[in-house]
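Let us walk through a protein model together, one region at a time. Keep the viewer open and find each part as we come to it.

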Amino acid sequence: MPDWNADLHELVRTRHRALIGYAYLLSGNTREAEDLVQDALVKVFTPRSAPAAAVSEGYVRRAILTIYLDLYRRRRRWSGIKHLVGIADREESRESAVADQVDVAVALDALTPRQRACVVLRYFEDLTVPQIASALGCADGTVKRHLFDAHAILADRLGPLSDTSQPSPIVNPRPLS
Amino acid sequence: MNRNLHDALHSLAGSGTDAASPPDVLADRAAAAVERRRRRRPVLVAGLAGIGVLTAGAAAALGYTLLHDDAAPHPFPDRLYPGVESPVPEPAAFTCGARMDALTAVDGPLALGNEMVDSDGDSRVTISTETGTIISMYLRNTTADPLTYSTQENPGIYLVQDGVVVAVPAVGEAPASAPAQVTLTAGEIQPLLEDRVVACPDAGGTTPTSIPAGDYDAYGAITVTVEPATTAIDVVGGPWKVRTTNPDGTVSGAPAALPQANPDATFPQCGALVNPPAGRLRVALSAGFPDLSLGSSMSVTAWNLSLDDLAGEAAHPTLVAVKDGVVVGSLDPDRSSGTVPFSLPGLDSTTLVTAGSLEHTVCTDGVTPLPAGRYSVWAAQDLTITTRVPRSEMDYVAGDPITTPEAYTAVEEVAALWMDAKGQPAAHPGLTEGWPADLDEATAIRGDNTEPETVVWLAISTMEYPLYRDPGLVPARDHLADLGYVTTDLAFRCQDGLAALGIVPNSPGSSGSGVAVVFATRAAADAFVALWEPLHGPVVGVVTDFVGCDFS
């Protein structure tokens with residue numbers, strides 16, 4: 001078996017849940033998540049010089065994100081006519097989720113793709129704002145705005161969020177230093 | 001119970017994974033697809049003449065198309081395959097050491113652009129050559145019809161300095177970002193992931209381990225075949241102005257010069273003079289104690305200091321770095337233009353919390369980090385008061401509501417930003433070496449000390465902070481804060497020895513305040529004065545007496 005094939009199988013065998021979970025949070029759909037991961041694996045391992053096994057997961061994750069954002073761009077055209085075709089959206093993916101998870105999934109659906117990507121990278125991947133900005137190829141300020149807007153949307157649907165670093169109001173000012 | 005996003009997302013991800021296909025099934029499917037693509041990868045066919053070249057100084061974001069010619073050295077040589085292949089030895093465009101001023105532009109069906117430096121301005125983007133994607137590039141269909149292209153490799157970045165190629169891409173270390181075949185409608189873009197860039201060998205043949213920090217012109221290039229042609233073309237984008245940092249994050253060259261004061265600029269424009277608020281404010285702003293070394297987002301709290309009830313719409317705050325009373329920092333380019341409703345009863349603890357983001361770059365170019373040191377962070381928040389209920393100062397009786405819209409801008413210093421030599425926000429560095437340590441506010445005011453404290457008064461006002469603002473206190477406060485002292489303001493009610501300074505409080509219960517430093521001993525205070533006065537002139541006075549605030 002060629003090295004790339006062994007590396008691919010080893011990566012999927014050991015990191016299947018992490019990669020599918022990441023793709024699932026982005027897409028909101030198990031079937032689409034599997035497609036995202038498969039497409040990303042193909043992109044990483046098709047070039048004649050595939051990356052070393054130790055670093056391949058990072059590139060697969062980067063490819064998942066890029067494909068997801070690219071898919072949305074194309075889907076915007078498709079969504080304009082899909083009602084004519086009568087395609088069911090994501091109902092089937094909620095069967096395995098408990099009610100609480102459904103709330104979160106529905107709340108994530110209310111976000112734009114970039115807001116959703118920022119939230120997933122921040123709270124699932126635990127990246128910092130500069131790391132997210134690097135992953136998305138945008139400025140730190142853009143990421144902060146996406147996160148701020150996403151927090152507002154999620155809080156509106158899920159109630160107060162406990163880990164979004166919103167300090168409590170300060171009543172009395174203090175001297176500055 | 002507050003929702004924890006981290007836990008919620010991990011739980012949700014688990015449910016999605018539980019429903020997925022087993023790992024071996026996914027791996028087998030992916031491997032089969034890889035195998036199919038590797039077998040059918042086409043061989044690039046060259047053969048057309050007419051190599052297009054770039055002119056020096058070509059505008060950014062134009063697309064250039066170069067055609068392969070097997071009879072001549074490829075203008076874009078094979079990428080460096082570390083340890084596998086050698087670069088094309090013949091001099092040619094985009095090889096290490098080649099000069100870039102021998103190229104001219106050619107229009108083509110595809111343009112290579114990027115998301116970071118799409119403007120035609122002179123701003124320079126700071127990039128890190130250590131990350132997987134240093135410049136987010138995309139291909140754009142420049143024709144009026146759908147277009148299909150195929151590609152086998154990632155795009156690459158070439159860095160040019162003083163007209164010479166000094167860094168080239170290394171293939172094989174990033175995943176292929178584009179599928180084998182892409183169809184774009186007119187004007188549509190396809191995002192790309194580029195290969196890592198490596199420095200060219202120096203004169204001695206040694207390849208640097210990292211790209212030297214500095215300013216460069218960046219070019220992107222990708223090889224594609226546009227249907228129905230079978231000939232591969234190289235699509236080039238750039239030049240894009242970029243700056244790289246040292247591996248430790250420092251930036252090369254001398255620290256950036258801060259902008260000069262511009263009397264024609266208005267706050268928060270670059271170079272504008274800050275006019276500190278004076279007297280009793282209607283709406284005060286505070287940011288708590290944000291640690292700006294952890295992030296640039298800041299929550300700003302506004303509260304009503306007037307007697308009147310105020311209601312309306314508030315814009316998100318604008319935050320900007322100020323030095324010596326001059327706006328020197330850039331504004332957040334992505335600040336929200338939306339508004340939020342507010343209702344703030346007079347002299348009530350109800351507050352309005354909104355968020356803003358502080359930029360750490362010099363406002364003259366929006367790219368260069370602010371030099372090391374401390375900066376005052378000023379916030380400006382526009383309020384449209386749509387309903388105001390006036391209340392009498394005598395008996396606090398509410399009058400008739402006033403519904404004529406009224407514009408009010410709250411402007412106030414809300415935080416401090418410390419920048420380090422690497423151009424990064426830093427935590428408070430502590431007291432400047434050599435200056436005597438003071439007593440913190442809590443210790444000084446606790447009132448149970450057995451020995452009297454010594455207070456060095458640097459500037460005084462008949463108005464009492466924080467309800468009132470006196471612009472005359474700002475310079476002394478800034479100088480003190482620059483040295484690293486934390487407690488800077490002290491009310492006269494907190495030390496009885498003001499008579500020694502000839503200060504009479506303006507009224508009982510409101511004694512005025514000043515900028516002051518509290519020391520445990522007279523010796524420490526004298527040491528402070530000896531250092532301060534040569535720099536900033538004489539102090540107002542030094543008073544040794546117990547410090548204990550009377551709030552009666």
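How many bridges join S24(B) to strand S27 (residues 513-519) of chain B? There are 7 bridges between S24(B) and S27(B), and the two strands run antiparallel. Before going further, note that this is a predicted model, in which local features need pLDDT of at least 70 and side-chain atom pairs count only at pLDDT 80 or more, while totals for chains, interfaces and linings use all residues. Residues are numbered from 1 along each chain as its sequence is written, chains are lettered from A and ligands numbered from 1 in the order in which they are written, and side-chain values use heavy atoms, with hydrogens and water left out.

Helices (H or I, at least four residues) and strands (E, at least two) are DSSP runs, numbered from the N terminus. Two strands pair if DSSP finds at least two bridges between them.

Stay with strand S24 (residues 453-461) of chain B for a moment. In its pairing with S27(B), B:Ser461 has B:Ser513 as its bridge partner. S24(B) also pairs with strand S28 (residues 541-545) of chain B, again in the antiparallel sense, over 5 bridges. There, B:Trp457 stands opposite B:Gly541 in S28(B). Of the 9 residues of S24(B), 8 are buried, so this strand is largely enclosed by the rest of the structure. Buried means under 20% relative accessible area, exposed means over 50%, and partly exposed lies in between (1.4 Å probe, protein chains only). It is also handy to know that in a regular strand the side chains alternate between the two faces of the sheet.

Another group of strands in chain B is an open sheet of 3 strands in the order S2-S4-S9, with antiparallel pairing. Strand S2 (110-114) and strand S9 (189-191) stand at the edges with a single partner strand each, so one side of each has no neighbour in the sheet. On average, neighbouring strands of this sheet are turned by 25° against each other, direction ignored. Strand S4 (residues 137-141) of chain B pairs with S9(B) in the antiparallel sense over 3 bridges. One residue to look for is B:Tyr138, whose bridge partner in S9(B) is B:Pro191.

Now look at a loop. B:Leu370 sits in the loop between strand S20 (351-357) and S21 of chain B. Is this residue buried or exposed? B:Leu370 has 1% relative accessibility, so it counts as buried. Leaving out residues up to four places away in sequence, B:Leu370 touches several others, including B:Leu258, B:Val328, B:His360, B:Tyr375 and B:Met419; contact means heavy atoms within 4.5 Å. B:Gly329 is also among the residues it touches, and the C-alpha atoms of B:Leu370 and B:Gly329 are 7.2 Å apart although 41 residues separate them along the chain.

Next come the charged pairs. A salt bridge is a side-chain nitrogen of Lys or Arg within 4 Å of a carboxyl oxygen of Asp or Glu, and by this rule there are 14 salt bridges over all chains. In one of them, B:Arg374 meets B:Asp482 at 2.7 Å, N to O. B:Arg374 lies in strand S21 (residues 373-389) and B:Asp482 in helix H4 (residues 474-482) of chain B, so the pair ties together parts that are 108 residues apart in sequence. B:Arg374 counts as buried at 4% relative accessibility, whereas B:Asp482 counts as partly exposed at 27%.

B:Asp526 and B:Arg522 form another salt bridge, with their closest N and O atoms 3.2 Å apart. Because these two are 4 residues apart in helix H5 (residues 522-536) of chain B, they are separated by about one helical turn.

A salt bridge can also be found between A:Glu34 and B:Arg29 (3.7 Å, N to O). This pair crosses between chains, from helix H2 (residues 30-45) of chain A to helix H2 (residues 23-40) of chain B. In chain A, a network of salt bridges links A:Arg15, A:Glu57, A:Arg61 and A:Glu125.

Let us finish with two helices. Helix H7 (residues 129-136) and helix H8 (residues 140-158) of chain A pack at an angle of about 105°, with their axes 8 Å apart. Axes are lines fitted to C-alpha atoms, for helices over the stretch in contact, and angles run from 0 to 180 degrees between N-to-C directions. H7(A) and H8(A) are therefore roughly perpendicular to each other, a label used for angles of 65 to 115 degrees. Where they meet, A:Val129, A:Pro130, A:Ile132 and A:Ala133 in H7(A) face A:Asp140, A:Val143, A:Lys144 and A:Leu147 in H8(A).

Conventions
Parallel < 35°, antiparallel > 145°, perpendicular 65-115°, else oblique.
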